[in-house]
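Subject: Structure for your review

Dear colleague,

Please find below the sequence and structure that I am handing over to you. A summary of what was found follows.

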Amino acid sequence: MEPNIPIQRGEEQSKVIKAWKELKITKVNNKTQKKLLDISGWEKKKTTKIESQLARIQRKMDSKKMEKSEKLRSKKAAVHAKAQEKKANVQTRRAQEILNAEEEAARLQAAGQIPKKSSFSCF
């Protein structure tokens, strides 16, 4: 607590009161400034920690995203390969069926016969 200053009159009293008020305001301003600096430091520390956590999570998400994308690309390639295999099988079967039809037609021609089951309704 401030020591009591004997009461003075007039201009002297005003000077003392003004000096006391300025001292109090200075103390309040200094105290406030220290608290604001402390809060800013706390905020920076917490924000840095949170940003670090966000960056770590983002890296994990990016890693998982890349893994998932690679798996999906792999699946797509496997589907494409399977489709190519199935198309090749269909084309092979087609070629075989055409060859069988040509051979049977040649045999029927050589024997002078007409097919028993005609796929043409006009004959």
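How many helices and how many strands does the chain have? The chain has one helix and zero strands, where helices (H or I, at least four residues) and strands (E, at least two) are DSSP runs numbered from the N terminus. Please note that this is a predicted model, in which local features need pLDDT of at least 70 and side-chain atom pairs count only at pLDDT 80 or more, while totals for chains, interfaces and linings use all residues. Residues are numbered from 1 along each chain as its sequence is written, and side-chain values use heavy atoms, with hydrogens and water left out.

The helix and its end

Helix H1 covers residues 10–111. H1 has 102 residues and spans 146 Å from its first C-alpha to its last, close to the expected 152 Å; the expected span is 1.5 Å times one less than the number of residues. Just after H1, Gly112 adopts a positive phi of about 70°.

Surface

Of the 123 residues of the chain, 1% count as buried (buried means under 20% relative accessible area, exposed over 50%, and partly exposed in between, with a 1.4 Å probe and protein chains only). The accessible surface of the chain is about 12,300 Å², and 59% of this belongs to carbon and sulfur atoms. Areas come from the Shrake-Rupley method with a 1.4 Å probe; for residues, only the protein chains shown count as cover.

Salt bridges

The whole structure holds five salt bridges, a salt bridge being a side-chain nitrogen of Lys or Arg within 4 Å of a carboxyl oxygen of Asp or Glu. Three of them may be described here.

- Lys15 and Glu11 are joined at 3.9 Å, N to O. These two residues are four apart in helix H1, about one helical turn, and both are exposed.
- Asp38 pairs with Lys34, with the closest N and O atoms 3.1 Å apart. Asp38 and Lys34 are also four residues apart in H1, about one helical turn; Asp38 is partly exposed at 44% relative accessibility.
- Arg107 pairs with Glu104, with the closest N and O atoms 3.6 Å apart. Both lie in H1, three residues apart, about one turn of the helix. Arg107 is partly exposed at 47%, as is Glu104 at 43%.

An α-helix has 3.6 residues a turn, so residues three or four places apart point the same way.

Surface patches

Patches are made of residues with over 30% relative accessible area and no salt bridge; like charges are joined within 9 Å, and nonpolar side chains (Val, Leu, Ile, Met, Phe, Trp, Tyr) within 5 Å. Lys and Arg count as positive and Asp and Glu as negative, with His and the chain ends not counted. The place of a charge is NZ of Lys, CZ of Arg, CG of Asp or CD of Glu.

Arg56, Arg59, Lys60, Lys64, Lys68, Lys71 and Lys75 form a positive patch. Arg56 lies in helix H1 and is partly exposed, with a relative accessible area of 41%. A nonpolar patch consists of Leu36, Ile39 and Trp42, with about 340 Å² of accessible area together. Leu36 is in H1 and counts as partly exposed at 47% relative accessibility.

Yours sincerely
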